[in-house]
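The sequence and the model come first, followed by the text.

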Amino acid sequence: MENQGFDPKEIEKFKAKIKASGKSYVVIESEDNSDDYMNFHFVGDFDGKEVVFDVALYTLKIQHASEIYEMAEHEAAKKFPEYQAIAYEEDENGDIAPLGDLEEEIGLYMAEVMEELEEEDAVKVQEHVDIDENIDFGVGLDVGLNVDKITPEVIEKFIKDFTNDTLELDPTYFSFQMEGDDDEE
């Protein structure tokens, strides 16, 4: 099947949606969207052709936290052969049901591992734009920026800089501490 993100008719539909939004992009509705992460489309040029870009834009802080969590999951899987990702279930009132003893032990172990990884600055992240031409629709951009929040202004600036080929990424590697660590900083 041909990638419809390069189809001029599809691109015109997106241009109309974008124009109607009053911005230079349209948000892809998702429960994952937050102050730390936004998924959106915009129209631009890729290899001399007009295309719809499918962008996942997130803060370096959330990328850092995600990578630390993945490392902790990996360590938990090594220590607990029966480990499976902890599934939080809600009771009839919408409250999270208590975890079983093993799940609680695994959760505490993962929290310890995450804390150690943070203290050791074991994970460092840097600004980046990864391009994926092999997605089903358009061209994918996976973007991590060192900003406090993903705001409409951050998105607009990214699109402007990316499309004008003036995007300058900071090569510095960053490490973050989880919030709530009042004794640090």
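Beyond its neighbours within four places in sequence, Asp 161 is in contact with Thr 166 and Leu 167. Asp 161 lies in helix 4, residues 152-163. Its relative accessible area is 12%, under the 20% cut-off, so Asp 161 counts as buried.

The model is predicted. The mean pLDDT of the chain is 89, and 94% of its residues reach 70 or more. Confidence is highest in strand 5, at 98, and lowest in helix 3, at a mean of 88. Over residues 181-185 pLDDT stays under 50, and the model has two contacts beyond four places in sequence for them.

**Aromatic rings**

Ten aromatic pairs are found in the whole structure. In one of them, the ring centres of Phe 53 and Phe 162 are 5.4 Å apart and the planes stand at 85°, so this pair is edge-to-face. The pair links distant parts of the chain, as Phe 53 is in strand 3 and Phe 162 is in helix 4, 109 residues apart. Phe 53 and Phe 162 are both buried. Both also belong to one aromatic cluster, with Tyr 25, Phe 40, Phe 42, Phe 46 and Phe 158. Elsewhere, the charged end of Lys 17 sits over the ring of Phe 14.

| Residues | Arrangement | Distance |
|---|---|---|
| Phe 53 and Phe 162 | edge-to-face pair | 5.4 Å between ring centres |
| Lys 17 and Phe 14 | charged end over ring | 4.6 Å from ring centre |

In soluble globular proteins, nonpolar side chains tend to be buried together. The largest nonpolar core here has 19 residues, of which Phe 40, Phe 42, Phe 53, Val 55, Leu 57 and Phe 158 touch the most other members. Strand 2 (37-46), strand 3, strand 5 and helix 4 each give two or more residues to this core. The most come from helix 4, with five residues.

Leaving aside neighbours within four places in sequence, the contacts of Leu 57 include Tyr 37, Met 38, Phe 40, Val 143, Leu 145 and Ile 155. A second, separate core has 16 residues, among them Ile 68, Tyr 83, Met 114 and Phe 174.

**Helix 2**

Ile 68 is also one of the buried residues of helix 2, together with Leu 60, Gln 63, His 64, Ala 72 and Ala 76. Their cover includes strand 3 (49-59), helix 3 (101-119), strand 4 (128-132) and strand 5 (139-145). Helix 2 itself, residues 60-79, has 20 residues. From first C-alpha to last, helix 2 reaches 29 Å, close to the 28 Å expected at 1.5 Å a residue.

Notes:
Residues numbered from 1 in each chain as written. Predicted model: local features only at pLDDT ≥ 70, side-chain atom pairs only at ≥ 80, totals over all residues. Heavy atoms only, no water. Helix = DSSP H or I, 4+ residues; strand = E, 2+ residues; numbered from the N terminus. Expected span 1.5 Å × (residues − 1). Buried < 20%, exposed > 50% of the residue type's maximum accessible area, 1.4 Å probe, protein only. Contact = heavy atoms within 4.5 Å. pLDDT = per-residue confidence, 0-100. Phe/Tyr/Trp six-rings, centres within 6.5 Å; stacked < 30°, edge-to-face > 60°. Lys NZ or Arg CZ within 6 Å of the ring centre and 35° of its normal. Core = buried A, V, L, I, M, F, W, Y, C linked by side-chain atoms within 4.5 Å.
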